[in-house]
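This briefing covers the pocket, the aromatic pairs and the confidence of one model.

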Amino acid sequence: MTKIKRYCQWCDDEFYVYKSQIRNNGGKFCSKSCRMSYRNKIDNPAWQSEVRLKISVNHADVSGKNNPMYGKKGSLAPSYIDGRSFISGDVWRRIALANKPKRCEVCGKEEEGRRLHIHHKDKNRNNNNLNNLQVVCARCHNNILHPRRRDSLGRFIEGVV
């Protein structure tokens with residue numbers, strides 16, 4: 001199989017392509033990056049008048065002050081939870097922190113944010129019943145509820161005590 005020398009329509013670099021690719025209307029660009037750059041600058045379908053009309057009819061303008069969430073920050077933002085403005089993490093964490101006080105249930109220390117862990121009492125992560133979830137500080141979680149062996153430098157090693 002012989003390759004044919006071609007020049008990229010976007011960057012004018014020389015490249016080689018099989019005859020079959022040329023027959024299938026290919027072999028015009030040296031890379032996918034050049035093909036997409038060409039499409040976005042030269043032949044972008046969103047620039048066609050009928051496509052622009054469909055986009056404008058089907059999409060409400062929610063940019064800037066038209067957005068109902070515009071300017072809402074911190075505790076006023078709808079996704080605010082536990083001092084963080086983005087709901088992330090595991091389901092059980094969100095359930096426990098939304099319904100329980102932000103203090104360790106073992107030692108009573110008050111903590112904030114990621115210093116609080118959520119412990120499953122029955123050690124089943126699928127059982128997210130509020131009675132099964134326990135808010136604990138990282139120290140109690142790692143040393144009391146899930147004790148593990150440590151090496152001479154205090155680093156965790158495999159196995160449970």
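Helices (H or I, at least four residues) and strands (E, at least two) are DSSP runs, numbered from the N terminus. On this numbering, strand S3 gives the most to the lining of the largest pocket, with 5 residues. The model is predicted, so local features need pLDDT of at least 70 and side-chain atom pairs count only at pLDDT 80 or more, while totals for chains, interfaces and linings use all residues. Residues are numbered from 1 along each chain as its sequence is written, and side-chain values use heavy atoms, with hydrogens and water left out.

**Largest pocket**

- A pocket is an open set of points on a 1 Å grid over the protein atoms alone, where a 1.4 Å probe fits, with protein on both sides within 12 Å along at least five of seven lines; lining residues have an atom within 4 Å of a point.
- The largest pocket holds about 300 Å³ of space, a volume being the space filled by probe spheres set on the points, which are joined across faces, edges and corners.
- Its lining has 14 residues, and Trp92, Ile118, His120, Arg125 and His141 lie nearest the centre.
- Helix H4 (91-99) and strand S3 (116-120) are the elements that give two or more residues to this lining.
- By class, the lining has 3 nonpolar, 6 polar and 5 charged residues; Ala, Val, Leu, Ile, Met, Phe, Trp, Tyr, Cys and Pro count as nonpolar, Asp, Glu, Lys and Arg as charged, and the others, Gly among them, as polar.

**Aromatic pairs**

- The structure holds 2 aromatic pairs, with rings of Phe, Tyr and Trp (its six-membered ring) pairing if their centres lie within 6.5 Å; planes under 30 degrees apart count as stacked, over 60 as edge-to-face and the rest as tilted.
- Trp10 and Tyr38 are edge-to-face, because their ring centres are 6.4 Å apart and their planes at 85 degrees.
- Trp10 is in the loop between strand S1 (3-7) and strand S2 (14-18) and Tyr38 in helix H2 (residues 32-41), so this pair ties together parts 28 residues apart in sequence.
- Phe29 and Tyr38 form a tilted pair, with ring centres 5.0 Å apart and planes at 50 degrees.

**Confidence**

- Mean pLDDT (the predictor's confidence in each residue, from 0 to 100) is 79 for the protein chain, and 88% of its residues reach 70 or more.
- Over residues 84-88 the pLDDT is below 50.

Terms used
Contact means heavy atoms within 4.5 Å.
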